[in-house]
Structures are given as C-alpha cells and as structure tokens.
Amino acid sequence: MKAKAFGALGVGLLGAFSMTAHAGVLQGRDLNSDGTFDAYYDTTLDITWLADANYAGSKMTWNDARTWASSLNIYGYTGWRLPTMRDTGATGTESCNKIYNGTFCGYNVDTVGTDGTIYSELASMFYDTLGNLAIYDTNGKEQDGWGLKNTGPFTNLQADAYWFGLIYTPDGDNSWDFNFRDGFQYAHNQSELKYAWAVRSGDITPVPIPATAWLFGSGLIGLLGALRFKR
C-alpha cells in the first residue's frame, strides 16, 4: 500500500517531476513510524492524500463512498473526506460534453486560481501535480500522451472515475466525479459505482521524515539539491 520511505530518492524525485502550470510538492507522512508512507501532504492544496488511492479496495456508490471516507481511522487519524471541487452552477450535465478548457466541467478544467482559490482537488492532482494530459487538448483535438501516465508516489491509483464529495447543483440525484483515465470532470448518478480516494484537510504532521519530498511542477527541479541537503 505504501511507498518506501528510503532508497533511490533521486530517481524517484526526477521521475515524478513534471513541467506544469502550478508548482506542487508532496511530502511523505509516516503515520505509524514503520518507515513507510501512509499519506502525502499536498503543499499546493493544503490537504493530505492517502498513499493508497484505492484503500477501500473496490468501487462504491456515492453515499457509501462518503460514509467510508468519513469513518476512516488511520492509526488514530480521523477527519478524512472525499475530495471536493467548485460547482459554479451549470444548467445541465450535457453542457459539459463540448467544453475543453477554462471552466469547472469537462476537460482541462480550472484547478487552482491565480489568487489561490481551489477549483478542483482531483483535477489539480491529475493535471498540475502529476502532469497528466486529458484525452483532448483545449481545442478539442485528441492529443498524444494523454491519460494516467504518471501516478507519482501513490499506489493503486486507478485509470477510472473517482467521486468528489459534492452533489451536482441542478440535480440532487447526481454527484461530481473526476476520471483519471481521460481527465474528464462530470456529474453522474449517485447509484453508480466509482472509486473513492480519501483526503484530509491540512497537514497531519508539521515536519516530513527526512529526505521524503516528491517535487512536482514548473520551477521546482532546481530546489532538489537544496531540499536534500537541508534535510
């Protein structure tokens, strides 16, 4: 379930690096002091992700996914939830089909605003932190290299849809999800079965284990040596 805390750090860091619009750092968190990472703190979103992106082991309905996340107790750490996003009030899910950028629904959605506003935690992970591409570019054309090519330090990250913890505003029977196969953010009926990835607001511990940061995003590669020496 967990990424090793030590060994081949340089290879892992360089392999995880991606040139994206928003810089990000994932810092490993060893929650039970066994030398492995149970979670990663996301410095861009100020949330902590479970290291196992399919900790539940199976797909669930939306209601079951929310119950599962909220009831988690990971080595004494509670307060887990499903990721969230910003629903700005579409008039219907069908309007998402031909939207390829600059909105909250469709492909290449807004992730983090210039003022730091978080628009989509799952999209931020897929696009910004991991540097993956949607099946379509911003002009609606299929692009080379699309899909879940980089899973970073996480285990069991599925190329499939994951639930958000947010109901779709115009239709209370639907809830939002993000597809890690093709980068599509959409709303579907809550009875459908999708994956759940638990997150926790804020950081779990104030200081990461020495030499454990995974660097992502444009401009951070130059900090690699400095971070390693500091820790």
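Visitor: What does the accessible surface come to?
Guide: About 10,100 Å² for the protein, and 49% of that belongs to carbon and sulfur atoms. Those areas are Shrake-Rupley values with a 1.4 Å probe, and for residues only the protein chains shown count as cover. This is a predicted model: local features need pLDDT of at least 70, side-chain atom pairs count only at pLDDT 80 or more, and totals for chains, interfaces and linings use all residues. Residues are numbered from 1 along each chain as its sequence is written, and side-chain values use heavy atoms, with hydrogens and water left out.

Visitor: How much of the protein is buried?
Guide: 52% of the 231 residues, where buried means under 20% relative accessible area (1.4 Å probe, protein chains only).

Visitor: And which residues have the most contacts inside the largest nonpolar core?
Guide: W49, F180 and W197, in a core of 53 residues. Such a core is a set of buried Ala, Val, Leu, Ile, Met, Phe, Trp, Tyr and Cys residues joined through side-chain atoms within 4.5 Å.

Visitor: Which elements give two or more residues to it?
Guide: β2 (39-42), β3 (47-50), α2 (62-70), α3 (121-129), β6 (161-167), β7 (174-179) and β8 (184-189). The most comes from α3, with five residues. Helices (H or I, at least four residues) and strands (E, at least two) are DSSP runs, numbered from the N terminus.

Visitor: Switching topic: what's the strand order in the open sheet?
Guide: β5-β8-β7-β6, four strands with antiparallel pairing. Two strands pair if DSSP finds at least two bridges between them.

Visitor: Which strands stand at the edges?
Guide: β5 (106-107) and β6; each has a single partner strand, so one side of each has no neighbour in the sheet. β6 is joined to β7 by four bridges, and W163 has D177 in β7 as its bridge partner.

Visitor: What packs on the sheet there?
Guide: α2, touching β6 and β7, with its direction at about 85° to that of β6. Axes are lines fitted to C-alpha atoms, for helices over the stretch in contact (heavy atoms within 4.5 Å), and angles run from 0 to 180 degrees between N-to-C directions.

Visitor: Back to β2. How many residues sit between β2 and β3 in the hairpin?
Guide: Four, and D46 in the turn has a positive phi of about 55°. The two strands run antiparallel, joined by four bridges, and Y40 has W49 in β3 as its bridge partner.

Visitor: Are the β2 residues buried or exposed?
Guide: Buried: A39 and Y41 point one way, Y40 and D42 the other, and all are buried.

Technical notes:
Buried < 20%, exposed > 50% of the residue type's maximum accessible area, 1.4 Å probe, protein only.
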